[in-house]
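Please examine the sequence and the structure displayed below. A short report accompanies them.

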Amino acid sequence: MRVLSVSRWLRGAVRAPSGGPGSPQVPQPGRREREAAPGGSCPRAEKVTVDVLDHLEHLALVDFRDSEGVERLQKAIQFADQLHEVNTDGVEPMDSVLEDRCLYLREDDVTEGNCTKELLKNAKEKVEEYFVAPPGNIPLPKLEE
Amino acid sequence: MAAAARGCGGVWCRVWQCGAGGSAPRGQCSVAGSARSAAVPAGKSGLAPWVPVVGLEIHAQISSNSKLFSGSQVQFAAPPNSVVSFFDASLPGTLPVINRRCVEAAVMTGLALNCSINKRSLFDRKHYFYADLPAGYQITQQRVPIAVNGTLSYSLCTDNKMSQMVTKTVRIKQIQLEQDSGKSLHDDTRSQTLVDLNRAGVGLMEVVMEPDMCCGEEAAAAVRELQLILQTLGSSHAVMAEGQLRVDANVSVHHPGEPYGVRTEVKNINSIRFLAKAVDHEIQRQIEELENGGTVLNETRAFDSKLGCTVPMRDKEGKQDYRFMPEPNLPPLILYDTKSLPANMNHQQVVNIDWIHERLPDLPSVKRAKLVEQYGILPEHSFTLLNEDGLTEFFENVVKHTQMKPKKVIGWILNDLLSYLNQHSLTVKESPVSSSILADLLNLLERKEISSTAAKQVLVELWKGEGKTPLEIVKEKKLELIQDQEALEQICQAVIDGQENEVMAIKAGNHKVLNKLIGLVQRRTQGRSNPVLVKQLLEKKLLE
């Protein structure tokens with residue numbers, strides 16, 4: 001079983017039949033900097049604005065709650081920004097470790113279903129055999145800050 | 001068929017009534033350059049013409065036994081949440097497994113629409129929150145869909161009598177495989193939504209058309225043709241009333257030569273007729289809005305069939321950010337053709353594009369051409385035949401069992417049978433007159449045993465569906481043509497003897513008066529004389 005570790009990846013190890021050192025799927029070793037320094041010494045550090053925060057909360061339905069939460073978010077972004085250090089010019093993005101596998105095609109047979117009772121067992125509320133949800137999409141209140 | 005023109009170049013104008021200041025008559029869509037009288041060119045009224053732009057996004061439910069990524073059944077109107085698997089309900093620990101039949105359906109459709117099939121296509125996640133989307137994302141194909149760059153040809157009649165048809169094409173941007181969502185039933189009184197996941201996970205083909213259309217009529221014709229193609233292929237039943245074919249229209253207007261205007265999306269269109277109405281209404285609304293100095297918002301509107309207009313939809317405020325990301329649980333979908341097919345692959349794991357191509361049935365356009373060639377009917381007739389479910393088979397059955405020429409039979413099918421069915425809202429299958437009965441009737445007519453008027457009378461009786469044969473009705477109502485030539489001659493003579501003035505006029509050279517005598521003979525025989533024969537007999541007596 002293959003274990004994908006960051007260091008192996010950067011060293012340009014072969015991980016696919018079509019890959020190999022110098023192939024377009026394998027990036028060149030990059031300058032790996034230190035861990036994210038507190039306070040944001042990374043050149044791309046940007047303040048997370050209220051608009052961005054509002055947008056994120058709306059999209060992902062998370063609540064950053066207080067300034068400590070926002071700080072943590074800021075730090076997380078800085079840490080992720082390290083990815084910009086790697087030179088990926090001419091490298092094809094990899095979006096699935098399964099890219100060299102074949103997508104299994106299933107026959108068109110009915111093999112599942114008919115488990116209404118089981119599905120509804122965990123539902124907090126139900127009406128006849130329907131799940132109950134709040135009405136439509138309730139708009140979130142805008143952030144003050 | 002003639003080479004297709006893309007887009008209609010339709011130009012809409014608003015004509016203001018002088019001085020009235022009230023609402024002006026509707027603009028007209030001019031098709032293929034021939035402007036109708038109401039369209040006013042720029043300059044005369046001072047108002048610049050408008051060019052409407054219509055693009056369509058069509059979702060067709062794939063006709064398959066099980067869903068796209070799970071083995072639960074595809075079944076319309078099943079008891080709530082009874083055909084839902086753990087994957088469809090998005091329970092943790094479940095994974096998508098693609099249904100081979102859905103892939104084949106998409107390939108068939110792509111080939112029928114002249115698309116390039118991508119031998120390697122990818123799946124993505126489209127994220128948004130809604131109660132009927134339990135996973136919080138829909139698996140779709142945003143980056144590399146299964147088919148791209150196709151065309152759809154459709155025809156429009158340029159007048160109401162269907163005597164002149166124009167062929168147009170619309171470009172197909174892409175076809176992608178994606179999951180359907182569940183159904184939400186909004187209960188506003190109790191402030192809650194009831195969710196049924198039976199439909200969640202059903203396979204859909206989204207057909208994205210480029211904005212090459214200019215009015216409701218074109219949109220409706222294009223969708224109708226797509227519907228016929230899908231039904232012919234069997235990849236989708238495409239019944240709009242059952243939600244198997246859903247159409248969203250993107251509409252905008254602009255002045256010729258200027259950039260495209262802001263577009264609105266119109267949803268909740270439940271039939272092809274409403275599609276034409278919704279599109280035309282939205283075009284009109286946008287023109288009015290802009291001419292009154294307002295702006296068109298980039299919004300989603302719903303078509304209200306009762307009011308016949310589009311209204312803003314709630315729940316869709318603001319632009320959505322779907323945060324597309326690759327679907328990590330699905331490797332690329334690889335399709336093969338005979339050249340690229342590896343030698344030892346398991347058949348069941350292979351979708352061969354060439355194999356599917358060889359087995360495509362005749363598409364509607366090919367069927368129509370064959371009907372025209374085989375039976376000598378007009379292209380317009382072939383359209384009507386294919387448009388009504390079962391009518392082609394009916395027509396071909398009648399032709400098989402009668403001596404009457406197909407060119408004459410088609411008249412009876414389209415003028416008599418079809419108008420009766422439409423009047424009583426019956427389908428061909430529900431027709432009280434079967435193809436064999438109609439064939440019998442037409443045979444009586446063809447053998448000159450009854451006149452054409454009598455045949456129509458018999459047909460009226462047959463519609464009652466009382467089980468009588470045409471011959472029985474003819475005998476009952478004494479509609480047979482008089483075959484006895486001598487008897488006919490005697491009647492002709494009697495009429496001649498009674499109409500001295502007319503006889504003189506005919507002998508003097510006015511042959512038109514002959515028709516009056518023929519009419520009199522018809523009356524005497526109660527319509528049971530063959531007018532051609534009567535004319536011959538009268539002419540023989542008077543002009544020789």
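## Model and overall features of chain B

The structure is a predicted model. In chain B, 15 helices and 18 strands are assigned. The chain has 544 residues, and 50% of them count as buried.

The accessible surface of chain B amounts to about 26300 Å². Carbon and sulfur atoms contribute 50% of that surface. Among the contacts in chain B with a separation of 6 or more, 68% are between residues 24 or more positions apart.

## A sheet built from chains A and B

An open sheet is formed by four strands with antiparallel pairing, in the order 2(A)-3(A)-11(B)-10(B).

Within chain A, strand 2 and strand 3 (residues 130-133) run antiparallel and are joined by two bridges. Val127(A) has Tyr130(A), in strand 3 of chain A, as its bridge partner.

Over all chains, the whole structure contains six aromatic pairs. For Tyr128(B) and Tyr322(B), the ring centres are 6.0 Å apart and the planes stand at 75°; the pair is therefore edge-to-face, the cut-off for this class being over 60 degrees. The two residues are 194 residues apart and link distant parts of the chain. Tyr128(B) belongs to the loop between strand 6 (124-127) and strand 7 (137-140) of chain B, whereas Tyr322(B) belongs to the loop between strand 16 (309-312) and strand 17 (325-326) of chain B.

Tyr128(B) has a relative accessible area of 22% and is partly exposed. Tyr322(B), with a relative accessible area of 25%, is also partly exposed. Together with Phe324(B), Tyr128(B) and Tyr322(B) form one aromatic cluster.

## Charges over rings

Which ring lies under the charged end of Lys126(B)? It is the ring of Tyr322(B), with the charged end 4.4 Å from the ring centre.

Key. Residues numbered from 1 in each chain as written. Chains lettered and ligands numbered in written order. Predicted model: local features only at pLDDT ≥ 70, side-chain atom pairs only at ≥ 80, totals over all residues. Heavy atoms only, no water. Pairing = 2+ DSSP bridges. Buried < 20%, exposed > 50% of the residue type's maximum accessible area, 1.4 Å probe, protein only. Contact = heavy atoms within 4.5 Å. Areas by Shrake-Rupley, 256 points an atom, 1.4 Å probe, with all protein chains shown as cover. Phe/Tyr/Trp six-rings, centres within 6.5 Å; stacked < 30°, edge-to-face > 60°. Lys NZ or Arg CZ within 6 Å of the ring centre and 35° of its normal.
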